[in-house]
Amino acid sequence: SICHQYLLYEKVIDSFLPFHRRTGSDKCHSYFESNILSMMSQHKTLEGSVNAVSSCQTAMHLYEIMNPGFRERYHKLNLQNLRSGRQPTIEFRQHHATKDESEIVAWVCFCVLFVVNAATMPQIIADNIHQEKTLDELFDSVIMCPPLKEFYSKRRAIFSGLK
């Protein structure tokens, strides 16, 4: 369910990070690949990608389809440590480097809440995916932390030029 939720909300997460950390930026292909674009290159649609995740019979198959290709480690949601058995971690590669304590705390809280809450959500039925998800949906149904919603709503306004 973590992978399902990430596919659904990758674009929303992009919206509250600086442009250079978003899909389509020049640095995007140097440091990370979009999981959804990688999935859609094989499965054509978001629905097809979600169905592909749902149909995985083994953890190894899930790791391969979520992080495909020779740059498998360089995806926004990186599952390769689970694949290799090196350590039992999921890596979120999307955030930029920072020394700002409030940004660091917010991102760590976001990642922890995303994983913990998404892991307990019911499996998604791809037939019910008809529109792009919103920031409100992400924070109201997955993250469920009003202060983080406020923090990232402000960040989104800053990065969209709306200050």
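Is Cys111 buried or exposed? Cys111 is buried, at 11% relative accessible area. Here, buried means under 20% relative accessible area, exposed over 50%, and partly exposed in between, with a 1.4 Å probe and protein chains only.

This is a predicted model, in which local features need pLDDT of at least 70 and side-chain atom pairs count only at pLDDT 80 or more, while totals for chains, interfaces and linings use all residues. Residues are numbered from 1 along each chain as its sequence is written, and side-chain values use heavy atoms, with hydrogens and water left out.

**Stop 1: the cysteines**

Stay on Cys111 and show its sulfur. The closest cysteine sulfur, in Cys109, lies 9.5 Å away, too far for a bond. A disulfide is a pair of cysteine sulfur atoms within 2.5 Å. By this rule the count is 0 disulfides. Cys3 is in none either: its nearest cysteine sulfur, that of Cys56, is 8.1 Å away. Cys3 is buried, with a relative accessible area of 7%.

**Stop 2: the aromatic rings**

Now select the rings of Phe, Tyr and Trp (its six-membered ring); two of them pair if their centres lie within 6.5 Å, and planes under 30 degrees apart count as stacked, over 60 as edge-to-face and the rest as tilted. The whole structure holds 13 aromatic pairs. Start with Phe92 and Phe114. Their ring centres are 6.0 Å apart and their planes stand at 85°, so this pair is edge-to-face. Phe92 belongs to strand E2 (residues 91–92) and Phe114 to helix H7 (residues 101–119), so the pair ties together parts 22 residues apart in sequence. Helices (H or I, at least four residues) and strands (E, at least two) are DSSP runs, numbered from the N terminus. Phe92 is buried at 14% relative accessible area. Phe114 is buried as well, at 0%.

Next, select Trp107 and Phe110. This aromatic pair is stacked, with 5.3 Å centre to centre and 15° between the planes. The two residues sit 3 apart in helix H7, which means that about one helical turn separates them. Trp107 and Phe110 are both buried.

Then widen the selection. Ring pairs link Tyr6, Phe16, Phe92, Trp107, Phe110, Phe114, Phe139, Phe151 and Tyr152 into a cluster.

**Stop 3: H1 against H3**

Show helix H1 (residues 2–15) and helix H3 (residues 35–43). Their axes come within 9 Å and cross at roughly 115°. Axes are lines fitted to C-alpha atoms, for helices over the stretch in contact, and angles run from 0 to 180 degrees between N-to-C directions. Contact means heavy atoms within 4.5 Å. On the H1 side, Tyr6, Leu7 and Glu10 meet Asn35, Ile36 and Met39 of H3.

**Stop 4: two positive phi values**

Most residues other than glycine have a negative phi. Lys44, not a glycine, has a positive phi near 70°. Find Lys44 in the loop between H3 and helix H4 (46–54). Lys44 is exposed, with a relative accessible area of 61%. Met144 also has a positive phi, of about 55°, although it is not a glycine. Look for Met144 in the loop between helix H8 (135–143) and helix H9 (146–159).

**Stop 5: Leu82**

Finish in helix H6 (residues 80–84), at Leu82. Leu82 counts as partly exposed, at 28% relative accessibility. Beyond residues up to four places away in sequence, Leu82 touches Tyr63, Gln87, Pro88, Thr89 and Ile90.
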